[in-house]
Amino acid sequence: MVVVTALALMQSLTVEALPETKELDPVPMVTIPAGEFLMGNPEGKGRDDERPQRSVHLDEFAIDQVEVTNERYMAFVKSIGHRTPPNPYGAGPLQSIKGIEQLPVVQTTWYDAKAYCSWTKKRLPTEAEWEKAARGTDGRLYPWGNEPPTAKRANFDREWEDEHTLHAVGSLPDGDSPYEVKDMAGNAREWVSDWYDADYYHHAPDRNPQGPDKKGVVRSIRGGSWHSPATDITTSARGRGGFALQTHGTGFRCVRGLEAAIRKK
């Protein structure tokens, strides 16, 4: 089996492109069709905040096929003068470290992630959008299915080894979701737009849920990281963090709704 490099991934993927758009962030995007999927876990499985399992309908949307990389994030920093994330790999500014361009950017706050997605004329995914892109419609435990994770499927349960810890985006194709969205288990955790509420699934709408209405200081994070155990990289596992949280395991990707794409034609 041929392993696709991150560079080849960016140049040759035949993912459906959104037509006639001038992209500031020319990353492949995957269209997730409208329809229902199983969100959360049934009684007796997973954690309390993942229950009850329910059928949720989502409108069509497109999601970045890979996590935002250091290279793409630094283009954003250069374009608008946004602050540079702290360097988790050693001394000096992040841009001084060579060989990390295709690693997912980390040490980003929720505000940083939101600002980047806004700059690209996209937005952060909702928890529901993220979960459907990760698991498809069959309620699978991991993006690739129900088999346990391995080093060929996900970057997880590791100790920090500086620039050798995170993997280049898209470099573990055996871990792809049913829609061929990459790295949705492990590598970098991902910010989503929703406020976090442990009881939200008990009263959430079953069509295009946007997260709880109540305000707070904690947002949801999905997907687990390079340090997470297998139980934290499932498609239904819910993490959380404050707005200003910056860790060397948290990054993000962006989405675009179908209506936004149509308006750009």
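Me: Hi! Which residue does the disulfide join to Cys117?
Reply: Cys254 is joined to Cys117 by a disulfide, with S to S at 2.1 Å; the term stands for a pair of cysteine sulfur atoms within 2.5 Å. This is a predicted model, where local features need pLDDT of at least 70, side-chain atom pairs count only at pLDDT 80 or more, and totals for chains, interfaces and linings use all residues. Residues are numbered from 1 along each chain as its sequence is written, and side-chain values use heavy atoms, with hydrogens and water left out.

Me: How many disulfides does that rule give?
Reply: The count is one disulfide. Cys117 sits in helix H3 (residues 110-119) and Cys254 in the loop between strand E8 (250-251) and strand E9 (255-257), so the bond ties together parts 137 residues apart in sequence. Helices (H or I, at least four residues) and strands (E, at least two) are DSSP runs, numbered from the N terminus.

Me: Why is it called left-handed?
Reply: Because the torsion about the S-S bond of Cys117 and Cys254 is about -85°.

Me: Is Cys254 buried or exposed?
Reply: Cys254 is buried, at 0% relative accessible area. Cys117 counts as buried too, at 1%. Buried means under 20% relative accessible area, exposed over 50%, partly exposed in between (1.4 Å probe, protein chains only).

Me: New topic: in what order do the four strands of the open sheet come?
Reply: The order is E7-E6-E5-E8, with mixed pairing; two strands pair if DSSP finds at least two bridges between them. E7 (238-242) and E8 are at the edges with a single partner strand each, so one side of each has no neighbour in the sheet.

Me: And which residue in E6 is the bridge partner of Glu190?
Reply: That's Arg222. Strands E5 (residues 189-195) and E6 (residues 218-222) run antiparallel, joined by three bridges.
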